[in-house]
Amino acid sequence: MSTAAAPAGAVLADLLPTSRVRDAALVAGGAVLTGLAAQIAVPVPGSPVPVTGQTFAALLVGTALGARRGFAALALYAVVGMAGLPWFAGGASGYALPSLGYVLGMLLAATAVGALARRGADRSVWRMAGAMAAGSAIIYAVGVPYLALATGMGLSEALAAGMVPFLLGDALKAALAMGLLPTAWKLAGHRG
């Protein structure tokens with residue numbers, strides 16, 4: 001296996017043969033992966049927001065596909081879910097959900113981590129940790145205020161119900177990504 005340096009500005013998806021069909025398949029696959037991961041949902045007592053696999057999937061999709069395709073995948077996920085496909089957390093759909101802000105935050109976070117991956121953030125453990133932290137912060141920056149507005153909670157109550165219970169899980173997801181993505185580059189035969 002070669003250990004050539006990966007092309008500057010490349011993300012993992014760029015290692016596949018280039019075509020519009022590839023891009024469409026990656027975008028659709030990213031949306032489906034996020035929808036499937038959202039079905040891994042564990043209710044959190046006192047919160048209308050469950051612990052799910054969708055945030056991890058959204059950040060992984062953005063990192064692996066890059067900003068443009070990551071945005072498109074999460075936009076497809078959001079639009080189709082708002083249109084009625086029951087693939088938001090726990091099989092929910094529609095646009096009147098108190099947790100919809102997190103979905104919108106995931107769209108922005110996938111874009112941001114995709115841009116960071118193009119700058120090599122997915123090739124080392126510590127840079128990947130930073131990218132995951134930035135992505136999670138973006139999700140909370142949109143999701144928590146939306147939760148407060150949608151439910152009538154105060155901001156401190158929304159933080160307690162919509163962020164604090166999820167921080168440990170976010171740390172575990174970041175640790176998984178810190179090992180997974182740099183390892184994927186090594187398995188692909190590239191080093192950063």
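Predicted model: local features only at pLDDT ≥ 70, side-chain atom pairs only at ≥ 80, totals over all residues.

Reader: Where does glycine 46 lie, and is glycine 46 buried or exposed?

Author: Glycine 46 sits in the loop between strand S2 (41–42) and strand S3 (51–52), and because its relative accessibility is 74%, it counts as exposed.

Reader: Which class does arginine 22 fall into, and what does arginine 22 touch?

Author: Arginine 22 is part of helix H1 (residues 20–38), and with 12% relative accessibility it counts as buried. Beyond residues up to four places away in sequence, arginine 22 touches Ala13, Asp14, Leu16, Pro17 and Arg69.

Reader: What is said of a residue that falls between the two cut-offs?

Author: Such a residue is called partly exposed, and glycine 130 in helix H5 is a case of this, because its relative accessible area is 39%. The C-alpha atoms of glycine 130 and phenylalanine 88 are 26 Å apart, with the two residues 42 places from each other along the chain.

Reader: How should I read a pair of packed helices, for instance H3 and H4?

Author: Helix H3 (67–82) and helix H4 (100–118) pack at an angle of about 165 degrees with axes 7 Å apart. That angle makes H3 roughly antiparallel to H4, because angles over 145 degrees are given that description. The crossing of H3 and H4 is right-handed. Among the residues that make the contact are Gly70, Leu74 and Tyr77 of H3 and Val103, Leu107 and Gly114 of H4. By class, the residues of this contact are 13 nonpolar, three polar and two charged.

Reader: What angle do H2 and H7 make, and how is it described?

Author: Helix H2 (residues 54–65) and helix H7 (residues 167–187) pack at about 30 degrees, with their axes 11 Å apart, and they are therefore roughly parallel to each other. H2 passes H7 in a right-handed crossing. On the H2 side the contact is made by Thr55, Phe56, Leu60 and Thr63, and on the H7 side by Lys173, Leu176, Ala177, Leu180 and Leu181. Six of the residues in the contact of H2 with H7 are nonpolar, two are polar and one is charged.

Reader: And how does H5 pack against H7?

Author: Helix H5 (residues 125–151) and H7 are packed at about 140 degrees, their axes being 9 Å apart, which means that H5 is oblique to H7. Here too the handedness can be read, and H5 passes H7 in a right-handed crossing. Residues of H5 including Trp126, Met132 and Tyr140 meet residues of H7 including Asp170, Ala174 and Met178. The contact of H5 with H7 has twelve nonpolar, one polar and two charged residues.

Reader: Which residues touch the most other members of the largest nonpolar core?

Author: That core has 52 residues, of which Leu74, Tyr77, Phe88, Tyr102, Met128 and Met132 touch the most other members. The elements that give two or more residues to this core are H1, H2, H3, H4, H5, helix H6 (155–162) and H7.

Reader: What surrounds tyrosine 77, then?

Author: Setting aside neighbours within four places in sequence, tyrosine 77 is in contact with Ala31, Thr34, Gly35, Ala38, Gln54, Trp87, Phe88, Ala89 and Val103.

Technical notes. Residues numbered from 1 in each chain as written. Heavy atoms only, no water. Axes fitted to C-alpha atoms, helices over the stretch in contact; angles between N-to-C directions. Helix = DSSP H or I, 4+ residues; strand = E, 2+ residues; numbered from the N terminus. Parallel < 35°, antiparallel > 145°, perpendicular 65-115°, else oblique. Left-handed = near helix turned anticlockwise from the far one by under 90°. Contact = heavy atoms within 4.5 Å. Nonpolar A, V, L, I, M, F, W, Y, C, P; charged D, E, K, R; others polar. Buried < 20%, exposed > 50% of the residue type's maximum accessible area, 1.4 Å probe, protein only. Core = buried A, V, L, I, M, F, W, Y, C linked by side-chain atoms within 4.5 Å.
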